[in-house]
Amino acid sequence: MSIIDFHTHVFPEAIAEKTITMLAEKSQSQPYGNGTFSSLLSSMQTSGVTHSVTLPVVTNPKQFDSILKYAVVCNQNPNIFAFGGIHPDDPAPEEHLLQIQQAGLYGIKLHPDYQQTFLDDPKYIRILRQCVALNLPVVIHSGVDDGFPETVHCTPERILHMLEQVYGDTTPEKPLIVLAHGGANRMYEQVLSLLCGKPVYFDISFILSYIAPDLLMQIIRKHGVENILFATDFPWSDPASDIAFVNRLPLTEAEKDCIFWKNAQTLLHLPQI
């Protein structure tokens, strides 16, 4: 059986250990890998994950070229679907998004908290409208970031405002935007009341270590199993434990297939895997 982990992070060898140590201290979290590409591949082999999506975070516009170059290298592995990244202060977002697509990457990652920009800011709207024009998937950190909880830059209310600005009165045929961490990390009453049913995917990265199974099932049933993506946030979650969690949920085997790989295959336009 294929299992696509739609949300993982890797860093170049030179900075991986320092970066993971800093983030672990800030968030009081225990990593399950050292942040290197080889650590991800090793975890996949032992956990049963067959393919992973790697997501970078651009914290400075000047990082665009180096992050793009590293993502292209990661993308050469047939079991990796690498995304690029872009900063809201990027001086040429349309040009850079096209460059990401032409490089063969599968989408982009935005992190409003790390990028210190509210999701419904015009700078993000400009980027997201161009992604829609290019049919380029977008993963967005949503809700509270446990390492930087002081200001939540991507709340359910701001997500709604973003969707209104990006799509207007139209409804996309297929969702292109992925809201990480179950729609909005640690804000699930608002997810249920405001976001379920909207034209977006939810990934379930990181949240399986603390969310009640009954609450997750409420979200899945209300939003639709066809709009849920298996994801871990590796190295911040243990993929084997997360796979076991999903397998214990009261879902049919067909529904589990949707979550584990079929929805990702649809979003990324993948051949049969």
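## Exercises on a predicted model

At 9% relative accessibility, Asp233 counts as buried, and this residue of the predicted model opens the set of exercises below.

**Exercise 1. Is His269 buried or exposed, and what is its phi?**

Solution. His269 lies in the segment after helix H10, which spans 253-268. Its phi is near 55°, again a positive value in a residue other than glycine. For the surface, the cut-off for an exposed residue is over 50% relative accessible area, and His269, at 60%, therefore counts as exposed.

**Exercise 2. Which residues of helix H2 are buried, and why can they be placed on one side of the helix?**

Solution. First list the buried positions of H2 (residues 37-47), which are Phe37, Ser39, Leu40, Ser43, Met44 and Ser47. These residues cover an arc of only 160° around the axis, and so they fall on the same side of H2. On the other side of H2, Gln45 and Thr46 are exposed. Then ask what the buried residues meet: they pack against strand S1 (4-8), strand S2 (51-54), helix H3 (64-74), strand S3 (80-82) and helix H9 (239-248). Just after H2 comes Gly48, with a positive phi of about 100°.

**Exercise 3. Where is the place of His141, and with which residues is it in contact beyond its neighbours within four places in sequence?**

Solution. His141 is in the loop between strand S6 (138-140) and helix H6 (156-167), and with a relative accessible area of 3% it is buried. Leaving aside neighbours within four places in sequence, His141 is in contact with Lys109, Leu110, His111, Pro112, Asp113, Cys154, Ala180 and His181. A separate distance concerns Tyr210, which is 69 residues from His141 along the chain, with 18 Å between their C-alpha atoms.

**Exercise 4. Is Asp214 buried or exposed, and how many Å separate its C-alpha atom from that of Ser66?**

Solution. Asp214 lies in helix H8, residues 213-223, and its relative accessible area of 63% makes it exposed. The C-alpha atoms of Asp214 and Ser66 are separated by 42 Å, while the two residues are 148 apart along the chain. For scale, the C-alpha atoms of the chain fill a box of roughly 45 × 45 × 40 Å along the principal axes.

**Exercise 5. Why does the radius of gyration of the chain agree with a compact globule?**

Solution. A compact globule of 273 residues would have a radius of gyration near 19 Å, and the value for the chain is 17 Å, which agrees. Buried residues make up 59% of the 273 residues. Of the contacts between residues at least 6 apart in sequence, 76% join residues at least 24 apart. The chain holds 10 helices and 9 strands.

Terms used: Residues are numbered from 1 along each chain as its sequence is written. This is a predicted model: local features need pLDDT of at least 70, side-chain atom pairs count only at pLDDT 80 or more; totals for chains, interfaces and linings use all residues. Side-chain values use heavy atoms; hydrogens and water are left out. Helices (H or I, at least four residues) and strands (E, at least two) are DSSP runs, numbered from the N terminus. The radius of gyration is taken over C-alpha atoms; the globule rule is 2.2 Å times the number of residues to the power 0.38. Buried means under 20% relative accessible area, exposed over 50%, partly exposed in between (1.4 Å probe, protein chains only). Contact means heavy atoms within 4.5 Å. The arc is that of the directions from the helix axis to the C-beta atoms.
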